[in-house]
Number of protein chains: 2
Amino acid sequence: MISIGIIGLGTVGIGTYKILKEYNSLIKQRTGLDIKVVKIADIDLERNRGLSFKRGILTKDAYEVIDNPNIDIIVELIGGIQPAYDYIVRAIRKKKWVVTANKALLAEKWDEVFKVAEREHCEIGFEASVCGGIPVIRAIRDGLIGNKIHYILGILNGTSNYILTKMTEEDVSFNKALSEAQRLGFAEQDPTLDIEGIDAAHKLCILTRLAFNCSIHMKDIITGGISKIEPIDIGFAKEFGYRIKLLAVAKEEKGMVEVRVEPAMIPVAHPMSTVNGVYNATYVVGDKIGPNLYYGMGAGSDPTGSAVVSDIVDMASRITMKNPRTKVPLSTSEKRIRGGGESSVPYYIRFTAQDRPGVLSKISGILAKYNISISSVIQKGRKENGHVPIVMLTHGAIEKNLKKAKTEIDRSPFIKGESVHIRIEEGNL
Amino acid sequence: MISIGIIGLGTVGIGTYKILKEYNSLIKQRTGLDIKVVKIADIDLERNRGLSFKRGILTKDAYEVIDNPNIDIIVELIGGIQPAYDYIVRAIRKKKWVVTANKALLAEKWDEVFKVAEREHCEIGFEASVCGGIPVIRAIRDGLIGNKIHYILGILNGTSNYILTKMTEEDVSFNKALSEAQRLGFAEQDPTLDIEGIDAAHKLCILTRLAFNCSIHMKDIITGGISKIEPIDIGFAKEFGYRIKLLAVAKEEKGMVEVRVEPAMIPVAHPMSTVNGVYNATYVVGDKIGPNLYYGMGAGSDPTGSAVVSDIVDMASRITMKNPRTKVPLSTSEKRIRGGGESSVPYYIRFTAQDRPGVLSKISGILAKYNISISSVIQKGRKENGHVPIVMLTHGAIEKNLKKAKTEIDRSPFIKGESVHIRIEEGNL
């Protein structure tokens, strides 16, 4: 029997516990392994979770789980950096294998925890940390082992994808879509981590380390959120044949790695453009395998619990042999990280300009000064207040040049307010 | 060092050999494993493959590979039932682990080969047998281990998907699209296995055994091909909001399993409708994880080689510990297989009828007699010869009733030729 201890009985903890209990015999039938939860710690034992537990299985003290000599695998599901980090390190030092869904911890403390794991010959499973139930970690780590990976596109945050989908399909404002997401439980009362791209950046950090075998920190990831996206831009994106998504992008070109999470436009013909609602997806290009896409539910009690269980079973089959994966995923190469100013991609720009002759010529003149050429323009009919939106798609442009040009254009008397620019990710590399 | 012997140096063999050679040190860096190809057998050693080999590595005699005591893993890439079956069984009896891409063999001889593997405590890897490079086998077997799976939709054959995509996008005939596929090397000179759904049925057989843990044989799979699909039906499908795909479907409802490969219509809003060209995809619904989709290249030297390599590395990490997966995927339950006559799904039907009053009423009268009700009808304007297509979508109907109704309608004097019917798979279960 393989004995499991769970720390944290929240959404994912409940899902994990329920699957291990309900499917104990299914898993035994499929793998021959008998996996049992023997101890669960949570600070709140009063809450009614609609579950019944054997006497003595619950505790308020995490160390009763970690220090229990009968437990083989510690499952950390409390989230956040502390005390999760201390718990994990202590568990590994006690030679226990660890499963975690904690993307913030892995993004911030990757090297620290994997170094301890390497020293103690223990393994850390983290399938549930990215894309919930979708087995994208094992796909990249094991399925694509014979590939150099040079491009990842991710829709990694269900909350922001739900909001953008709602804005796209129903032409509503960001605030209205956010309220709806909160009402349905798809967004937290404080939605900052989700809508500002931080949660997606945590996950992209993990995918990039795994796929590119290089060291990436949160500070290397150019991160932007969706709160400033307006319905008008979603509408123009549609006219040009694009969808706006909170897109996590990692590219490697000529040994240079670029990592960013930002709202970006993706062509409707690209499979990532059809990932809607709370769904997540990761698109990975390997040099041998070509493009691959993995799609499914990125969050929720059962889907994320399913990913935790997949790690537990994977470990259980090897733990009795003391046979962990032969290498921990520590960085094997130093690569140069490219900042936002250096790469050249096409952009969407929307100006709000006075509707009079010569304006378009002035705007394009300033753009040309910064080496930015225009691939298409939409200028819509007259508005009552004399201002109209002018929308342009550019050819490949350097971001810092684009920002300078935009600042100069925005200072012109014929421009109203701040102009909007959104990157275009064509989706092939 | 883990020593590999390859039998069969065709498309997939070449891809496998090249990846293992080119990425020997990448794999070592990632996993700590040193994997070397030490022997390769092929009946044709004269062919110029653009590769150079060490002296003595090549042989015409497969048994020189199988019986070599230094080889840990035998990679069977010759395809077909015999002599592949004999090679694999002999290799396992010699306690060698086996990797194969041979879907025909697995579909026909699953129980036989896995029983030998179980007895000898050896493992058989077959990631490359379904969906080429896409790691869908490990996703279902490992990633979804904590799920009951009750629905699989697959686009499992790149050749037929290329042909249908071409017919859909360019409004050309089946024959023209097939010729183009042959010209580009996407279809064999004898394309029967691909276009008649047999190759897809082999693959569906494997997926179903793995996902449903039940015994399925080729004779249980209702199999149809795409050669009778006409552009007119693809056009009407579009008008109704569907795409026609060669769809592999496995469903389990109330303990009854239904398995079929047939051209079917899938709504454009379903992610499977966007899988185009030579791409493959598998859509799997688990009870905990919800829907998952895996998309990528289903064939080709490098993508399929990449899948073979993923199996080799997976095995190599455990082979030195003599620690195979604890269970072979032999059927753990007997389930009833449902035949084609028993399930109820909506259908598309196209009649070619005389354009005169009363025809529609007669057709719908006969359908009603067989308990088939109509959800929508398109009848297009008059044609020069007095015959027009009448197209209907039905509500859920039993296939045998539908066929009876169709036979009766087709006998009517106002109907010309044989009517066409195509299943509709709404894509959610």
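Predicted model: local features only at pLDDT ≥ 70, side-chain atom pairs only at ≥ 80, totals over all residues.
The handedness of the crossing of H7(A) and H8(A) is right-handed. On the side of H7(A), the residues that meet the partner helix are Tyr162(A), Ile163(A), Lys166(A) and Met167(A). On the side of H8(A), they are Phe174(A), Ala177(A), Leu178(A), Glu180(A) and Ala181(A). Sorted by class, the contact of H7(A) with H8(A) holds 7 nonpolar residues, no polar residues and 2 charged residues. Lys and Glu count as charged; Lys166(A) of H7(A) and Glu180(A) of H8(A) take part in this contact.

The corresponding helices of chain B were examined in turn. Helix H7 (residues 158-170) of chain B packs against helix H8 (residues 174-183) of chain B at an angle of about 125°, and their axes are 9 Å apart. H7(B) is therefore oblique to H8(B). H7(B) passes H8(B) in a right-handed crossing. H7(B) contributes Tyr162(B), Ile163(B), Lys166(B) and Met167(B) to the contact, while H8(B) contributes Phe174(B), Ala177(B), Leu178(B), Glu180(B) and Ala181(B). Here the residues of the contact of H7(B) with H8(B) comprise 7 nonpolar, no polar and 2 charged.

A further helix pair was examined in chain A. The axes of helix H1 (residues 11-22) of chain A and helix H12 (residues 301-319) of chain A come within 7 Å and cross at roughly 60°. H1(A) and H12(A) are therefore oblique to each other. Their crossing is right-handed. From H1(A), the contact draws on Thr11(A), Val12(A), Ile14(A), Gly15(A), Thr16(A), Ile19(A) and Leu20(A). From H12(A), the contact draws on Ser301(A), Asp302(A), Thr304(A), Gly305(A), Ser306(A), Val308(A), Val309(A) and Ile312(A). The residues of the contact of H1(A) with H12(A) divide into 7 nonpolar, 7 polar and 1 charged. Gly counts among the polar residues in this division.

The relation between the two chains was then considered. Chain B is superposed on chain A by a rotation of 180° with 0.0 Å of shift along its axis, and the RMSD is 0.0 Å. That is the relation of a two-fold axis. The same surface serves both copies, as 100% of the contact residues of chain B recur in chain A. Within chain B, the residue that comes closest to the rotation axis is Tyr294(B), whose C-alpha lies at 2.4 Å.

The size of an interface is often given as the accessible area lost when the parts come together. Between chain B and chain A, the buried area is about 4,600 Å², and carbon and sulfur atoms give 56% of this area. In chain B, the residues that lose the most area to chain A are Arg30(B), Ile145(B) and Lys288(B), which together account for 17% of what that side buries. In terms of residues, 51 of chain B are in contact with 51 of chain A.

Several features of the backbone were also recorded. Most residues other than glycine have a negative phi, and most peptide bonds are trans. In chain A, Gln82(A) and Pro83(A) are joined by a cis peptide bond, with omega about 5°. Pro83(A) is placed in the loop between strand E4 (73-76) and helix H4 (84-93) of chain A. In chain B, a cis peptide bond likewise joins Gln82(B) and Pro83(B), with omega about 5°. The loop that holds Pro83(B) lies between strand E4 (73-76) and helix H4 (84-93) of chain B. Cys131(B), although not a glycine, has a positive phi of about 60°. The loop in which Cys131(B) is found runs between strand E6 (124-125) and helix H6 (136-143) of chain B.

How values were computed. Residues numbered from 1 in each chain as written. Chains lettered and ligands numbered in written order. Heavy atoms only, no water. Least-squares fit on C-alpha atoms with pLDDT ≥ 70 in both. Contact = heavy atoms within 4.5 Å. Axes fitted to C-alpha atoms, helices over the stretch in contact; angles between N-to-C directions. Helix = DSSP H or I, 4+ residues; strand = E, 2+ residues; numbered from the N terminus. Parallel < 35°, antiparallel > 145°, perpendicular 65-115°, else oblique. Left-handed = near helix turned anticlockwise from the far one by under 90°. Buried area = accessible area lost by both parts, 1.4 Å probe.
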